[in-house]
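Start with the structure itself.

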Amino acid sequence: MRGALQGGEMAQDSRNHWDVLVIGSGMAGVSCAQALSGAGQSVLLLDKGRGIGGRIATRRVTLPVGEVSFDHGAQYVSARDDEFAKRLEQAGAVLWQDGAPKRHLVGTPGMSALVRALAQGLEIRQSCEVSALQRTSQGWTATTPMGNIHARQVVVTIPAPQIERLLGADHPLSVAVAGIQMQPCLTLMAAFSPDSPRPVLHRYDPTHPLAWIAQNSAKPARGDAAVTWVAQAGPDWSATYLEGAPDLIAGQMLPLLCDVIGTDRDAALHVSAHRWRYARAAQPLGQPFLRSADRSLYLGGDWCLGTRVEDAWTSGRAIARDIAGGADVG
């Protein structure tokens with residue numbers, strides 16, 4: 001790890017003692033962990049999933065015509081903050097020439113490449129779900145399938161509705177986020193032959209069940225084996241069909257997509273659906289993070305500030321800066 005620990009700080013012991021434990025490897029968690037690591041803290045990042053990035057996700061599928069990919073979470077990234085724009089450039093983000101008035105940046109060969117690049121050098125353990133957090137005299141102990149992990153401070157960047165399960169309903173921070181409602185998003189991924197219709201690069205219509213439709217294969221470095229589409233349902237439609245089986249969801253969304261792009265549903269080479277149960281905050285918290293009175297426990301994520309990828313990055317950086325006592329972080 002970068003930087004020697006100072007006297008009085010918690011030293012690493014068999015890789016289970018850390019200065020800071022970050023739970024959740026989406027953009028907020030990666031942003032926070034990278035900044036703290038750059039400032040000399042020993043940081044461990046845990047996530048229950050198999051890959052990092054959270055909703056900055058890319059799914060790859062091998063078809064008889066070749067491999068195709070779908071950005072089935074965040075479709076693009078835009079940057080208002082100069083530092084965030086610089087980090088995206090360093091991570092290999094490129095401009096999607098989609099005709100939008102604002103610059104839409106994407107990772108190559110998929111959106112998930114951005115988070116992987118930003119997470120370079122971090123200590124990350126995947127498929128490691130934290131089932132309990134317990135306060136100790138030296139900090140916190142996290143119960144995981146890989147054994148107990150001890151840290152002086154803990155940063156939790158999971159969706160707000162999942163915090164109560166981790167901390168308990170009576171914890172002050174659980175009470176503070178109890179009113180934050182997260183909206184779901186159902187996503188369709190569909191592939192068609194290269195000669196199929198391509199009427200739009202993307203289309204946003206909040207009045208349509210499929211609020212967002214994007215020609216994923218039109219993004220840079222996506223390949224030409226097939227024309228691929230990603231369609232994301234609006235929050236109301238998603239909530240109505242949220243508990244359906246993925247095959248059923250895909251079967252309901254495909255005709256809606258085909259009606260918009262003018263093609264036959266039977267011509268699809270691949271169809272699948274993904275359920276994002278906690279896609280966006282209906283009403284964000286309105287501040288970059290929450291913390292315990294003793295500054296040993298922090299909560300953050302895009303749900304604190306908004307729905308954009310940059311909101312998650314900003315939240316994570318703000319937590320890192322607070323842990324570092326207001327000092328600049330890398």
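Asp302 sits in the loop between strand E17 (297–300) and H8. Helices (H or I, at least four residues) and strands (E, at least two) are DSSP runs, numbered from the N terminus. The model is predicted: local features need pLDDT of at least 70, side-chain atom pairs count only at pLDDT 80 or more, and totals for chains, interfaces and linings use all residues. Residues are numbered from 1 along each chain as its sequence is written, and side-chain values use heavy atoms, with hydrogens and water left out.

Asp302 is buried, at a relative accessible area of 13%. Buried means under 20% relative accessible area, exposed over 50%, and partly exposed in between (1.4 Å probe, protein chains only). Leaving aside residues up to four places away in sequence, Asp302 touches Arg55, Arg308, Asp311 and Ala312. Contact means heavy atoms within 4.5 Å.

Next, the helix pairs. Axes are lines fitted to C-alpha atoms, for helices over the stretch in contact, and angles run from 0 to 180 degrees between N-to-C directions.

| Pair | Angle | Axis separation |
|---|---|---|
| H1 and H8 | about 35° | 7 Å |
| H2 and H8 | about 105° | 11 Å |

H2 is therefore roughly perpendicular to H8, a label for angles of 65 to 115 degrees. Glu83, Phe84 and Arg87 in H2 meet Val309, Glu310, Trp313 and Arg317 in H8. That contact holds three nonpolar, no polar and four charged residues. Ala, Val, Leu, Ile, Met, Phe, Trp, Tyr, Cys and Pro count as nonpolar, Asp, Glu, Lys and Arg as charged, and the others, Gly among them, as polar.

The largest nonpolar core has 40 residues, of which Met27 and Val155 touch the most other members. Such a core is a set of buried Ala, Val, Leu, Ile, Met, Phe, Trp, Tyr and Cys residues joined through side-chain atoms within 4.5 Å. Elements that each supply at least two of its residues include helix H1 (27–38), helix H2 (82–90) and helix H8 (309–323).

Finally, the backbone. Most residues other than glycine have a negative phi, and most peptide bonds are trans. Thr108 and Pro109 are joined by a cis peptide bond, with omega about 5°. Pro109 lies in the loop between E6 and H3. Ser127 has a positive phi, near 50°, and is partly exposed at 44% relative accessible area. Ala221 also has a positive phi, about 65°. At 55% relative accessibility, Ala221 counts as exposed.

Methods
Parallel < 35°, antiparallel > 145°, perpendicular 65-115°, else oblique.
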